[in-house]
Amino acid sequence: MDRNQLIKWLKTPAKMSHKYSLHAVYFCTGCGIIEVPPSITARWDAERFGVVPAATPRQANLFLITGYVSVKTLKAIIRTYEQMPSPKYSVGFGSCPINGGMYWDSYNTIKHLDKYIPIDGWIAGCMPRPEAIFVAVTHLWTLIDKDMADGYKRYEKHYSAFRANQEQVLGPLPWPPLFSSRETE
Amino acid sequence: MELLNMHPLIVIVLTPIAALLAGLFFMGVTRKFTARIHWRYGPPITQPLIDIMRMFSQRPVSHGTMFHGGVILSLAGALAVLLFIPFGNIPPLSGSGGLLVILYLLLVAPLGLALSSGEGANPNASIGISRKLMLSLGYEVPLLLILLTLMTRYGTLSIYDIVHAQQETQWALVTVPLFISGIAYILILPAVLGIRPFEVVQAAQEISSGPLVEYSGPYLGLVHLEHGLTLVINIALFVNLFMGGAQNILLFFVKMIIILLAGLSINAVFPRLRTDQAVSWLWRWPALLALTGLITVMIWR
Amino acid sequence: MTHPMVKNLKSMFKPIAVKQQDERRIMLNVPKDSLMSVLIFLKNSGYAHLGLISCVDRIADNKFELVYIVSAYVEEDVDDSMKATFVVSTFVSRKDPRFITCIPVFINAEPYERELHELYGIVFEGHPRLTPLLLEREYPIPPMRKDFDSRAYVEEVFDTVPFVDQEDDS
């Protein structure tokens with residue numbers, strides 16, 4: 001782990017703090033949530049990475065979408081993602097958010113989650129082991145270092161495209177747009 | 001014990017900074033110690049500092065002026081209490097009447113939290129705040145009796161005089177009429193600090209962390225700082241009232257750490273009590289012990 | 001060993017097809033007019049718990065097979081020798097699938113029938129609310145039927161959503 005790099009810390013303390021303090025929203029989609037409790041308890045301790053489950057989306061900055069996403073769940077995911085304060089990172093967990101996974105020809109699941117909310121990283125597997133969560137967290141650290149984990153910036157920049165996709169699948173959305181289009185010009 | 005001769009302005013500036021850092025250190029010790037009790041490694045001790053830095057660098061969602069103001073009021077209240085407690089040989093802001101002022105100012109912090117979390121319009125926040133106020137109702141009764149006992153025994157309202165008297169004789173915790181009140185204070189200390197078994201206020205799984213449910217970014221950072229400060233203040237109060245303060249600040253710090261670790265050993269293995277269970281227990285045994293202590297002291301003279 | 005209820009059922013209801021698959025599992029098939037009486041008889045004999053209502057799409061015979069799984073949940077309702085699970089099935093036409101609700105007999109049938117209405121299109125007369133339970137969208141035909149082309153639906157609805165354009169700005 002790259003925690004002992006004092007010079008890098010002193011140069012960009014905000015970035016260091018975003019890396020080492022990832023509070024994860026405890027959102028339980030589908031089957032992948034069974035892999036999260038083992039990773040936060042005593043055997044595979046996620047707290048030493050700084051990853052702690054947060055009680056509400058407003059207190060979190062990491063969103064783990066574990067498992068398949070049905071159309072009804074997509075509504076909840078969008079609302080949760082929009083409640084989180086930025087900068088925020090989202091990680092797709094398992095093969096179902098990547099390309100549909102086992103439910104690739106199902107009538108009620110979303111096949112590519114990246115079309116609806118921005119995803120910074122993917123973990124392949126069905127289900128990935130808890131060690132894979134930690135590999136993903138350390139990989140997310142390197143992405144944050146290189147400024148490549150900018151899902152929240154992409155969301156603001158292309159918000160009209162994301163919202164058009166969301167409305168194409170869900171119908172007219174009952175909540176107002178998060179960013180007015182004037183800001184993204 | 002000689003108090004350092006410091007200008008009050010220096011006290012006002014230095015003490016809050018030192019106490020905030022000590023609060024962060026105590027929170028870090030909390031997480032590390034609890035993790036070790038759970039047979040896992042736990043985060044580094046500087047983790048709360050990293051958390052707070054992260055929270056302050058996020059873009060928040062505000063719910064209005066009262067939301068903003070309540071959080072600042074809460075932190076300000078906690079800092080104000082801090083200035084009236086002697087830490088080792090750092091002088092408090094005012095010597096006389098210290099205990100009464102502390103009693104009043106201790107309620108400003110929960111009040112600020114109640115004002116601001118009510119603005120969030122989240123029902124979980126209202127439930128959390130009502131639980132918090134009911135819990136403070138629970139521990140205020142024994143706490144007032146204990147403080148009355150101390151005031152009667154030493155015949156003074158000033159904390160500095162109580163500390164001085166204990167340093168000339170012995171700790172209040174081991175003197176004969178006062179050890180009853182000491183045990184009562186040890187029994188209510190988890191409730192005052194907000195750790196298990198009295199952690200009903202911030203029940204993360206039950207009511208989505210109660211009053212903290214709508215805080216994001218810098219507001220959450222301020223609330224975390226206030227939580228650390230509450231730890232420091234209440235443990236310092238106990239050490240001053242019953243363990244005789246200390247000659248210098250390092251020894252004071254050591255005593256605070258011992259009390260913290262003792263409290264954490266209970267926090268790590270207990271579940272939470274419900275609000276009604278907590279209040280009924282707090283009004284039974286600690287209150288009876290405190291009342292016994294008060295009557296004993298009044299008869300003893 | 002033949003379950004004693006087999007004989008009772010055969011004598012009381014004609015026509016009925018009874019098959020004892022296992023020591024405690026009995027499969028029945030009845031015409032749809034006598035299904036309610038069979039369910040009421042089973043309930044009065046002590047098997048008062050409806051576990052599931054399901055449906056099989058027999059597209060070759062042009063029928064829906066409605067399946068009701070009934071058993072004794074509470075221990076005191078039946079003796080130990082009489083314990084069994086009854087799988088009662090009946091055929092309903094596929095062209096215009098209608099049936100009556102069994103809520104008056106088993107009150108917990110409401111969500112099962114609602115789900116079957118949503119996924120297969122079977123209308124249960126007398127049901128208080130046949131509104132959508134699980135699905136959020138409209139489908140051309142109810143999606144669990146065997147002539148619903150799932151792959152074509154996915155291609156038409158989900159694959160046509162464009163990827164968000166990301167010119168190299170990351």
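Select chain A and look at its contacts with a separation of 6 or more: 77% of them join residues 24 or more positions apart, two residues being in contact if their C-beta atoms, placed from the backbone, lie within 7 Å. The model is predicted, so local features need pLDDT of at least 70 and side-chain atom pairs count only at pLDDT 80 or more, while totals for chains, interfaces and linings use all residues. Residues are numbered from 1 along each chain as its sequence is written, and chains are lettered from A, with ligands numbered from 1, in the order in which they are written.

Stay on chain A and switch to cartoon.

Colour chain A by burial next. Buried residues are 45% of its 185; buried stands for 20 or more other C-beta atoms within 10 Å of a residue's own, exposed for 12 or fewer, and partly exposed for the range between, with C-beta atoms placed from the backbone.

Now show chain C beside chain A. Here 16 residues of chain C are in contact with 19 of chain A.

Move to chain B and select Ile233(B). Beyond its neighbours within four places in sequence, Ile233(B) is in contact with Ala78(B), Val81(B), Leu82(B) and Ile85(B). Both Ile233(B) and Ile85(B) are listed among the residues with the most contacts inside the largest nonpolar core, which has 82 residues. Such a core is a set of buried Ala, Val, Leu, Ile, Met, Phe, Trp, Tyr and Cys residues joined through C-beta atoms within 7 Å. Helix α9 of chain B (residues 218-242) gives this core its largest share, 16 residues.

How values were computed:
Helix = DSSP H or I, 4+ residues; strand = E, 2+ residues; numbered from the N terminus.
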